[in-house]
Amino acid sequence: MLPAMRYSKYFVPTLRDDPADAEVISHKLLLRAGFIRRVTSGVYDYLPIGLRVLRKIEAVVREEMNRAGAQELLMPTVQPTELWAKSGRLEKYGPELLKFNDRHGHESCLGPTHEEVICDLVSRELRSYKQLPLNLYQIQTKFRDEIRPRFGLMRGREFIMKDAYSFHADAESLAEEYQNMFDTYCRIFTRLGLKFRPVEADTGSIGGNNSHEFHVLADSGEDLIAHCSACEYAANVEKAVSSRSVPQAEQSELTLVDTPNATSAEDVSAFLNMHVAQLVKTLVYRAVGGDNENEIVAACLRGDDQLQEIKLAHAIGADSVELATDAELISIGGVAGFAGPVNLTARVFIDDSLRGATGLVAGANRADAHVTGFDVARDLTDVMFADLRETRAGDTCGRCGGAIELSRGIEVGHVFELGTRYAEPMDVLFQNQQGKRAVATMGCYGIGVSRLMAAVVEQCNDDSGISWPANLAPFQVALITMGKSEDVFQASEKVYKQLLDGGVDVLWDDRKESPGVKFKDAELIGMPVQVVIADRSLKEGLAEFGVRGGDRQSMPVGEVAAAAMAQLQQLNRSTD
């Protein structure tokens, strides 16, 4: 007897109702079905069936990473902050980096990522170009002190991640490995049965050059993805580039007009009886980090557009931007609610969609006043154009002229071409073919393993619970015993052993519960195949077999294990 897989002995604390603090379906179902339990904000226990799924996801990731030529290692969670100081990220990373001192007063941090540690390791071992390329990866716990953990495993503080780092002698080698990892990620997410999309992305706090995110398509996703209806272009809205028609009106002189109490774009357009697209919205920001830290700049875009702050930060060479205070606005000649680009004593960045625009309305930098007839080329000098606006549905694709659509996505993977962003300050050097010292160039490749568990549930669920792909289900077969006779238990045990001998993950529900409870739990947990051994049908030598959510059919009890295994093979082929 193998009691560990008997429900009566297994730790599966299911809940009948949705937890009050769970917002998205994956959070609700993973709690209800006994996969996870909250320890504290953004930190979870993985219960036995949750850990089984996690290990199966890890196995797919590990198999494909090994197949791609990467080598697995394991680095520490605790990292000395002097490594972060050496890379220049200690202050830039911000409060998500949880720091603490040990008993000797040495400052360390809980690793949110491992660029510094891997560079430190490789810098001490790398000697020659003959050791390159090299791709090292781990599957390990990370910690980021999120200000607002939410959505269960989708945005926690502690999470499990696969992170890989490649080192190369030149950019061509890096580009090859980047494509290798891109293809590897596509295989991983396909094997996990996910509907996903790779999109161009901003590199964020990691830094670097070329970058793609992999998004699982789901309405609950925190990220907004722009994609073309006519070609393969797709990008995170933080990165997406698109175009709109340029606002054009009859040219006229710059004229001051009174606009009492009209501060919003909508108020001004209504007051002047004009389309909001003819209004120039001027926003004033302060640069944070970078070469121009604390510089006050103005960003101008159409009144019906939204500024994408990450784009502005890149345009001005900052790590990020923050809205300027009223005092900072006044210091450059602006007036709150009525700021405009004319005569500001600061750098002015104009969105590309206003290039060549005429007949516009802008703030006059006077209380209760705007100017009409504003012409960007005529009325501004030393203007700088940049892509600042957030792409909207219906925009024109810059690659093919098709229409842009927007979808929600859950980011589950990210690949970067880092270049020498970390290798140079961390002294990752080697002797090249010419016998000279050179800096290695790097790639970085991450997958949110624990987030993948939630992402799968977001796509694979119904009114009854989770509907796991067969290769990820904690147990592939739910063996349900209905009845109290010795015969029904003996028959169930025989089928149970046949399934185990066939290499099938099976959970035998031998509990003294009603059939309704057993079936509800089997559906909630999401085991793809069900086998039912009941007193009544057993008297005729029959058992029932079916897939989750479908009809069950009767067959001789001696054939039901083989039928279940055949069904599983068919289900598994769909994710091969």
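**From labels to definitions**

Mentor: Start with helix α4 (residues 115-125), where Glu 115, Glu 116, Val 117, Ile 118, Cys 119 and Val 122 are buried. Bear in mind that this is a predicted model, with local features needing pLDDT of at least 70, side-chain atom pairs counting only at pLDDT 80 or more, and totals for chains, interfaces and linings using all residues. Residues are numbered from 1 along each chain as its sequence is written, and side-chain values use heavy atoms, leaving out hydrogens and water.

Trainee: What covers the buried residues of α4?

Mentor: The cover includes β4, α3 (81-87), β7 (134-143), β8 (158-168), β23 (404-419) and β26 (441-448). Contact here means heavy atoms within 4.5 Å. The element names are DSSP runs numbered from the N terminus: helices are H or I with at least four residues, strands E with at least two.

Trainee: What makes β4 and β6 partners?

Mentor: Two strands pair if DSSP finds at least two bridges between them. β4 and strand β6 (residues 107-110) have 3 bridges in the antiparallel sense, so they qualify. Val 78 stands opposite Leu 110 in β6.

Trainee: Which sheet is that, and why do β4 and β5 count as edges?

Mentor: An open sheet of 3 strands, ordered β4-β6-β5, with antiparallel pairing. β4 (78-80) and β5 (99-101) each have a single partner strand, so one side of each lacks a neighbour in the sheet. Neighbouring strands are turned by 40° against each other on average, direction ignored.

Trainee: What is the strand order of the open sheet of 5 strands?

Mentor: That order is β30-β29-β31-β32-β33, with mixed pairing. β30 (506-509) and β33 (552-556) stand at its edges, because each has a single partner strand. The twist averages 25° from one strand to the next. Strand β32 (residues 542-547) runs antiparallel to β33, joined by 5 bridges.

Trainee: How do you know that helix α11 packs on the sheet?

Mentor: Helix α11 (residues 486-501) touches β29 (477-482), β30 and β31 (529-534), and its direction makes about 170° with that of β29. Helix α12 (residues 515-525) also packs there, touching β29, β30, β31 and β33, at about 175° to β29. Axes are lines fitted to C-alpha atoms, for helices over the stretch in contact, and angles run from 0 to 180 degrees between N-to-C directions.

Trainee: Why is one space called a cavity and another a pocket?

Mentor: On a 1 Å grid over the protein atoms alone, a cavity is a set of points where a 1.4 Å probe fits but cannot get out, while a pocket is an open set with protein on both sides within 12 Å along at least five of seven lines; lining residues have an atom within 4 Å of a point. The count comes to 3 cavities of 30 Å³ or more. The largest cavity has a volume of about 60 Å³, and β23 gives the most to its lining, with 3 residues.

Trainee: How much space lies in the second largest cavity, and which element gives the most to its lining?

Mentor: About 40 Å³, and α12 gives the most, with 3 residues.

Methods
Buried means under 20% relative accessible area, exposed over 50%, partly exposed in between (1.4 Å probe, protein chains only). Grid points are joined across faces, edges and corners, and a volume is the space filled by probe spheres set on the points.
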